[in-house]
Amino acid sequence: MLVFGHKNPDTDTVCSAIVMAHLQNKLGNPAQAVRLGDLNKETQYVLNHFNVEAPQLLEGSLEGKDVILVDHNEFGQSADGIGEATVKMVVDHHRIANFQTAEPLYFRAEPVGCTATILYKMFKENGVEVESKMAGLMLSAIVSDTLLFKSPTCTAEDETACRELAAMAGIDLNGYGMDMLKAGTDLSDYSAGQLLGIDAKVFPMGAATVEIAQINTVSIADMLTRKNELEAQMQAIISEKGLDLFVAVITDILNSNSQIIALGNRTDIVEKGFQVTLVENTALLEGVVSRKKQIVPVMDKSA
Ligand code: MN
Ligand code: MN
């Protein structure tokens, strides 16, 4: 059984895959976590901190393989060839879309801020002890997805779970959490292509195909010094993938705002949805930090 999260893996996707594989092994179901891409710096920081090995990159065909999906369900965000695998289980906290299986499965989706919050409940429900390292991975996933409880996606359940896990792992949440989030914003050595690939997802919206890439930063102004470079790369991706719209979301994790850069022939989706006028392809969205809760639904409605 292979366990994996989405493409362009983030901390929740990687940690939840490792933790889910661990839980399945404890329950007597041999499972192995794999990843669908390179680790970002935040996730590298987390795995180093808790001395956990990174999952291997998924290689080879999925034909005839049993898989568990965590932190995603849309096939467009999953492994290439996911249609040839047998999806046995999904544990997720995103919208359900573009998902179909031939066979019955265990499907658990809850509108919480992080997959790891659901996994923590599964440990409790199954009476499986949470080892310190697993607690560290789960709390890191929650810190990442909720931006240390500041994202509107964060629920009381996420915060409670995170604080319980921090006590188990002996972690000072504020200190560790900020260090971890900042580790993910150290991007000066990244090319424009790498920046856009850190956390990009493709969404069908109405008749349009839209890619939304999110980049966390502690300074929007610093990131905007690379605007021309980013736009050239976005244009190249639009042509290559035949996208109708590419939105780069530069999120200030300290002040909880996002600057967007939008290119393509359907920038009307952005202007209509957020009631903004793009000036030189960009606009500031105050108070917006969550793609899942504050960006995708708004754009979907105006697509
Ligand atoms: Mn994720
Ligand atoms: Mn997540």
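Predicted model: local features only at pLDDT ≥ 70, side-chain atom pairs only at ≥ 80, totals over all residues.
Local features here need pLDDT of at least 70, side-chain atom pairs count only at pLDDT 80 or more, and totals for chains, interfaces and linings use all residues. Residues are numbered from 1 along each chain as its sequence is written, chains are lettered from A and ligands numbered from 1 in the order in which they are written, and side-chain values use heavy atoms, with hydrogens and water left out.

User: Which residues coordinate the manganese ion (ligand 2), and at what range?
Analyst: Donors are N, O and S atoms within 2.8 Å of the metal (3.2 Å for Na, K and Ca); water is not among the atoms, so sites may look incomplete. Along the chain, the donors here follow D-x58-D-x21-H-x51-D. They are Asp12 (OD), Asp71 (OD), His93 (NE2) and Asp145 (OD), at 2.1 to 2.2 Å.

User: Which protein donors does the manganese ion (ligand 1) have?
Analyst: Their spacing in sequence is H-x3-D-x60-D. At 2.1 to 2.3 Å from the ion, the donors are His6 (NE2), Asp10 (OD) and Asp71 (OD).

User: Are Asp10 and Asp71 buried or exposed?
Analyst: Good one! Buried means under 20% relative accessible area, exposed over 50%, and partly exposed in between (1.4 Å probe, protein chains only). By that scale, both Asp10 and Asp71 are buried.

User: Which residue coordinates both the manganese ion (ligand 1) and the manganese ion (ligand 2)?
Analyst: The two ions, ligand 1 and ligand 2, lie 3.6 Å apart. The residue bridging them is Asp71.
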